[in-house]
Amino acid sequence: RFGLPNEGRALARCALDLHVPLAHGLGFDALASSGSNERLTPSLENRALRLYFPEDYSMIEAWMSEEDELLNRTLQRCLREVRRALDADSDVKALATCKVRGRVKSVYSVVKKLL
């Protein structure tokens, strides 16, 4: 795919070191790809990580895939508990309307937390 054997890894490293932090700094992580819920920055992060650390990426991706149901059940339980706590607190209700959202981390986010 790339002209030189290490060119793909070099481009991936450049993306991880330069383009991803720059995109975060410019607020691109809040943008979504057209017609998709996939945000731009996590997509760049994951693609660069997959090129730079293909074996590690595959291992973590496989683990997350195996644990997908558990991760989603845990996330939904946590969201319910937070919503219930907010609904039960009259002071919070008087001050603001809260919207609680959550997501399962991307492979890149998991790797970043582990390092």
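Reader: Which charged end sits over the ring of Tyr52?

Author: A charge counts as sitting over a ring if NZ of Lys or CZ of Arg is within 6 Å of the ring centre and within 35 degrees of the ring normal. Here the charged end belongs to Arg9, 4.2 Å from the centre of the Tyr52 ring. This is a predicted model, in which local features need pLDDT of at least 70 and side-chain atom pairs count only at pLDDT 80 or more, while totals for chains, interfaces and linings use all residues. Residues are numbered from 1 along each chain as its sequence is written, and side-chain values use heavy atoms, leaving out hydrogens and water.

Reader: How many aromatic pairs does the structure hold?

Author: Rings of Phe, Tyr and Trp (its six-membered ring) pair if their centres lie within 6.5 Å; planes under 30 degrees apart are stacked, over 60 edge-to-face, and the rest tilted. The structure holds 1 such pair. Tyr52 and Phe53 form it edge-to-face, with 4.7 Å centre to centre and 90° between the planes.

Reader: Is Tyr52 buried or exposed?

Author: Buried means under 20% relative accessible area, exposed over 50%, and partly exposed in between (1.4 Å probe, protein chains only). Tyr52 is buried at 13%, whereas Phe53 is partly exposed at 35%.

Reader: How many disulfides are found in the whole structure?

Author: A disulfide is a covalent bond between the sulfur atoms of two cysteines. The criterion is a pair of cysteine sulfur atoms within 2.5 Å, and the search finds 0. Cys78 is partly exposed, with a relative accessible area of 35%, and Cys98 is partly exposed at 43%.
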